[in-house]
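We'll hop from one stop to the next.

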Amino acid sequence: MIDASHQGSARDASVIVARDADGTVAVLTAEFPQHGGAYLFLPGGRREPGETPEQCARRELREEAGVTAETWRPLGSYALTLHSAARIHLFLATGLTRGPQQLTPSEENFKLTWWQMPDAIQAAIDGHFLLQGGPLALLLAQQVAST
């Protein structure tokens, strides 16, 4: 259940599993020296003021992966930590159209790759993802695809 008092918070974030018709998913990689090296992550980011979680997801997918999607399926919303009201909103995006990435200066080292879903899930199991939202979104998206 989403606590309505926290909806609209600019601290909230959205994370997207962008899955194409062949079953591959958009995965980003970048160096994070403060965490000891390169890590994987899914497209996503913090909400801008006035954005809904889905609007944020659409913007972040377009910017970070250069992708637009016809179909959006919410996968759930979760607290980021016990000490913050911020939530992470997870989405499955399908019916993809690929275009150029529109990276901001702080994202210029983001490298986009396309992974088979089982390989991306194995990378999550092996600890190659930096943030918890990506692995959770992948597992939820896989569950949705198998039902």
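Select Phe41 and Phe110 to begin: are both buried or exposed? Both Phe41 and Phe110 are buried, where buried means under 20% relative accessible area, exposed over 50%, and partly exposed in between, with a 1.4 Å probe and protein chains only.

Before moving on, know what you're looking at. This is a predicted model, in which local features need pLDDT of at least 70 and side-chain atom pairs count only at pLDDT 80 or more, while totals for chains, interfaces and linings use all residues. Residues are numbered from 1 along each chain as its sequence is written, and side-chain values use heavy atoms, with hydrogens and water left out.

**Stop 1: the rings**

Ring pairs link Phe32, Phe41 and Phe110 into a cluster. The rule: rings of Phe, Tyr and Trp (its six-membered ring) pair if their centres lie within 6.5 Å; planes under 30 degrees apart count as stacked, over 60 as edge-to-face and the rest as tilted. By that rule the count is three aromatic pairs. One of them is Phe32 with Phe41, edge-to-face at 5.7 Å centre to centre and 80° between the planes. Phe32 and Phe41 are both buried. Phe41 also forms an edge-to-face pair with Phe110, at 4.8 Å centre to centre and 70° between the planes. Phe41 lies in strand E3 and Phe110 in the loop between E6 and E7, so this pair ties together parts that are 69 residues apart in sequence.

Now select Arg98 and Trp114. The charged end of Arg98 sits over the ring of Trp114, 3.7 Å from its centre. To count, NZ of Lys or CZ of Arg must be within 6 Å of the ring centre and within 35 degrees of the ring normal.

**Stop 2**

Select 24-32, 37-41 and 111-116 for strands E2, E3 and E7. Helices (H or I, at least four residues) and strands (E, at least two) are DSSP runs, numbered from the N terminus. These strands make an open sheet in the order E3-E2-E7, with antiparallel pairing; two strands pair if DSSP finds at least two bridges between them. E3 and E7 are the edge strands, each pairing on one side only. From one strand to the next, the twist averages 35°. (Axes are lines fitted to C-alpha atoms, for helices over the stretch in contact, and angles run from 0 to 180 degrees between N-to-C directions.) E2 and E3 share five bridges; click Thr29 and you'll find its bridge partner in E3, Leu40.

**Stop 3: the four-strand sheet**

Next, colour the open sheet with the order E4-E1-E6-E5, which has mixed pairing. Its edge strands are E4 (44-46) and E5. E1 and E6 pair in the parallel sense over six bridges. Among the partners, Ser14 goes with His89 in E6, and Ala13 with Ile88 in E6. E5 and E6 run antiparallel and are joined by eleven bridges; look for Gly76 opposite Leu90 in E6.

**Stop 4: helix H1**

Select 53-65. Step past the end of H1 and you reach Gly66, whose phi is positive, near 70°.

**Stop 5**

Click Tyr78, found in strand E5. Is Tyr78 buried or partly exposed? Tyr78 is partly exposed, with a relative accessible area of 32%. Leaving aside neighbours within four places in sequence, Tyr78 is in contact with residues including Leu136 and Leu140. The C-alpha atoms of Tyr78 and Gly133 are separated by 8.9 Å, although the two are 55 residues apart along the chain.

Finish by selecting 133-146, helix H3. Its 14 residues should span 20 Å at 1.5 Å a residue, and the end C-alpha atoms are 20 Å apart, which agrees. (The expected span is 1.5 Å times one less than the number of residues.) Buried residues of H3 include Gly133, Pro135 and Leu138. The buried residues of H3 pack against E1, E2, E5, E6 and helix H2 (117-125).

Key: Contact means heavy atoms within 4.5 Å.
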